[in-house]
Amino acid sequence: MLGAVLWPLVAWVCAQSLVVKSELPSPDAIVVLSGSSTYIERTAWAAGLYREGRAPIIILTNDGLIGGWNKAEQRNPYFYELAAKELERQGVPADKIQFASEPALGTYEESLGVREYATTHKLKHLLVVTSAYHSRRALWSMRHACQGSGIEIGIDGPPPGLQTPSPGTWWLRRRGWRVVAGEYVKMIYYWMKY
């Protein structure tokens, strides 16, 4: 009985523990990590930061995933292409949108691609934008991948509840378990592997 009463609080704490922000004054670029199911919230947040004048360019990563059929283009566009179009729709000029790397199979590979891009383009301060529940692992991955490179990493992103489940009710839906509980499994795997 006590467990049933405490569970909503425990679930909320578990969700909130995944959410981190790390300020970075004057970044050289905003980096939007791939996220096929959350690209709209990530690009909207990045476009807002761009419009505020936080950084002169936005860099997109590519997870290699393909979206649904687009009648106008007569093909299935990649999610990074959809993200670029969404950024443009929200006022980011096309020439201010750049692409970091070849398709990456996960957050750590994305981080390595971003490090390579930043090194090649002499970028030293990167503000990463991702979804709230992905932020802790993304920050760890980016900082771990960029260790010793002189690249400083900050992280920001939209609050949970837009395209991701609310921290108070995530456990009531299957998607919430995939997003929140699954993130803990991924973090443990990353800490052991990298």
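Me: A pocket is an open set of points on a 1 Å grid over the protein atoms alone, with protein on both sides within 12 Å along at least five of seven lines. How much space lies in the largest pocket here?

Reply: About 630 Å³, where a volume is the space filled by probe spheres set on the points, which are joined across faces, edges and corners. Bear in mind that this is a predicted model, in which local features need pLDDT of at least 70 and side-chain atom pairs count only at pLDDT 80 or more, while totals for chains, interfaces and linings use all residues. Residues are numbered from 1 along each chain as its sequence is written, and side-chain values use heavy atoms, with hydrogens and water left out.

Me: What makes a residue part of a lining?

Reply: An atom within 4 Å of a point. For the largest pocket, 25 residues qualify, and S34, G35, R42, R137 and K186 are the closest to its centre. Two elements give two or more residues to this lining: α4 (107-120) and α6 (174-193). The most comes from α6, with seven residues.

Me: Which classes make up that lining?

Reply: There are 11 polar, eight charged and six nonpolar residues. Here Ala, Val, Leu, Ile, Met, Phe, Trp, Tyr, Cys and Pro count as nonpolar, Asp, Glu, Lys and Arg as charged, and the others, Gly among them, as polar.

Me: Why is a space called a cavity rather than a pocket?

Reply: Because a 1.4 Å probe fits at its points but cannot get out. This structure holds two cavities of 30 Å³ or more. The largest has a volume of about 90 Å³ and is lined by 13 residues, with L33, S34, G35, T61 and A83 nearest its centre. Both α2 (39-51) and α3 (79-89) give two or more residues to that lining. By class, the lining of the largest cavity has seven nonpolar, four polar and two charged residues. The second largest cavity holds about 30 Å³, and V19, K21, T130, D156 and P158 are among the residues that line it.

Me: Why is α4 called oblique to α5?

Reply: Helix α4 packs against α5 (residues 135-146) at about 45°. Angles under 35 degrees count as roughly parallel, over 145 as roughly antiparallel, 65 to 115 as roughly perpendicular and the rest as oblique. The angle therefore makes α4 oblique to α5. Their axes are 8 Å apart. On the α4 side, T107, Y108, S111, L112, V114 and R115 make the contact (heavy atoms within 4.5 Å); R137, A138 and M142 are among their partners in α5.

Me: How do you know that α5 is roughly parallel to α6?

Reply: The two axes cross at roughly 15° and come within 10 Å. That angle makes α5 roughly parallel to α6. R136, R137, W140 and S141 in α5 meet E183, K186, M187, Y190 and W191 in α6. By class, this contact of α5 with α6 has four nonpolar, one polar and four charged residues.

Me: What makes α2 oblique to α3?

Reply: Their packing angle is about 40°, with the axes 9 Å apart. So α2 is oblique to α3. Y39, T43, A46 and A47 of α2 make the contact with F79, L82, A83, E86 and L87 of α3. These residues divide into seven nonpolar, one polar and one charged.

Definitions and conventions:
Helices (H or I, at least four residues) and strands (E, at least two) are DSSP runs, numbered from the N terminus. Axes are lines fitted to C-alpha atoms, for helices over the stretch in contact, and angles run from 0 to 180 degrees between N-to-C directions.
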